[in-house]
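Please read it alongside the sequence and the coordinates.

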Amino acid sequence: MRLLVTGATGKVGNAVARRLVERGDEVVALVRDVNRARDLLPTQVELAPGDVTDPASVREAADGAEGVFNCMGIYEQWIPDQTTFHDVNTIGALNVIAASRQAGVPRAVHTSTFDVFEAERGGTVREDRVARQPKGTAYERSKQRAEELVLGEARHGIEVVIVNPSTFYGPGPWAKAGIDRVLRDVIRGRLPALPPGGMTLAFVDDVAAAHLAAFERGRPAERYILADGFATNRELCAAAVEAAGRGRVPPTLPTGLARAMATVGEGVSKLIRRPPLLGRGQLHFVLWQARADSTKAQTELDFHPTPWREGIPRTVQWMLDSGRV
């Protein structure tokens, strides 16, 4: 089967592309930088130069495809120009699904996030709890709107299944932000302090397997939460230090101090055009501390999440083996 993957140089898209190659599919990856992508993807993957903000390039890449995995997206909670979230995560997603439909592709899996659901702080998100109001960050709002648009496009003749992973982590292309950086810095003993709160996790290999299952048997227009258990930031760092046999778990910032630091940090970042150590969006997310009920994915997609207490040591070992720490 010929399948198009967007975001194949990112952690989830890369894992999806590799699984497809392993099972014998013909994989096409839409990539902005062919040389970089060639270093990150199996040689069997066909590279199609293009960008999700360029519908014509997506249409060309989708020609002859029998399915699409739309795994691209900007996942950082802070970028210098906040409108980029809308341009890439929202309009880019619509471009992928619309161009695929125009190319005659019958079915697509769209990678969203569990951030689109609502729950009280420390509560549990489920597929029937889609947030009806715009959420608190530009990232979250861009993903909310993307779901609305791709489901709207689906009414014109392409089946779309949505998967909603929580914070994903694990081996794969190095992520400059997020868990990769946090684990590296704590193992190196260079992380001065931790934000309060925590997050619900999803091991990337499990997320990739669920994507394939969603394509094969997910119900059109349905959402599937992909998540494992909740961990505090301190628990994650302690697990990484233990697995690496070195490093230091730093103290946790009081919530008030963390808020002030995030506000000041973003102000400085706007001037220097570099990410803050702690952004307000990141803090907003870790203070939410939402859990997730992945029963639906477990039942319908045979999703079996790897416990984070197993996944974090595996991730640390990958980082050690690859010379990242």
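In this predicted model, Cys237 is buried, with a relative accessible area of 1%, and Cys71 is likewise classed as buried, because its value of 11% lies under the 20% cut-off.

| Residue | Relative accessible area | Class |
|---|---|---|
| Cys71 | 11% | buried |
| Cys237 | 1% | buried |

A disulfide is a covalent bond between the sulfur atoms of two cysteines. When the whole structure is searched for such pairs, zero disulfides are found.

The largest nonpolar core comprises 43 residues, of which Phe114, Val125, Leu201, Trp308 and Ile312 touch the most other members. At least two residues of this core come from each of helix 6 (179-188), strand 9 (198-203), helix 8 (233-244), helix 9 (255-272), helix 10 (280-288) and helix 12 (308-321), and helix 8 gives the most, with six residues. Apart from this core lies another, of 35 residues, and Cys71 is among them, as are Val21, Leu212 and Ala214.

Two packed helices are described by the angle between their axes and the distance between the axes. For helix 6 and helix 12, the axes come within 11 Å and cross at roughly 75°, which makes helix 6 roughly perpendicular to helix 12. By residue class, the contact of helix 6 with helix 12 divides into six nonpolar, one polar and two charged residues.

Conventions: Residues numbered from 1 in each chain as written. Predicted model: local features only at pLDDT ≥ 70, side-chain atom pairs only at ≥ 80, totals over all residues. Heavy atoms only, no water. Core = buried A, V, L, I, M, F, W, Y, C linked by side-chain atoms within 4.5 Å. Buried < 20%, exposed > 50% of the residue type's maximum accessible area, 1.4 Å probe, protein only. Helix = DSSP H or I, 4+ residues; strand = E, 2+ residues; numbered from the N terminus. Disulfide = S-S within 2.5 Å. Axes fitted to C-alpha atoms, helices over the stretch in contact; angles between N-to-C directions. Parallel < 35°, antiparallel > 145°, perpendicular 65-115°, else oblique. Nonpolar A, V, L, I, M, F, W, Y, C, P; charged D, E, K, R; others polar.
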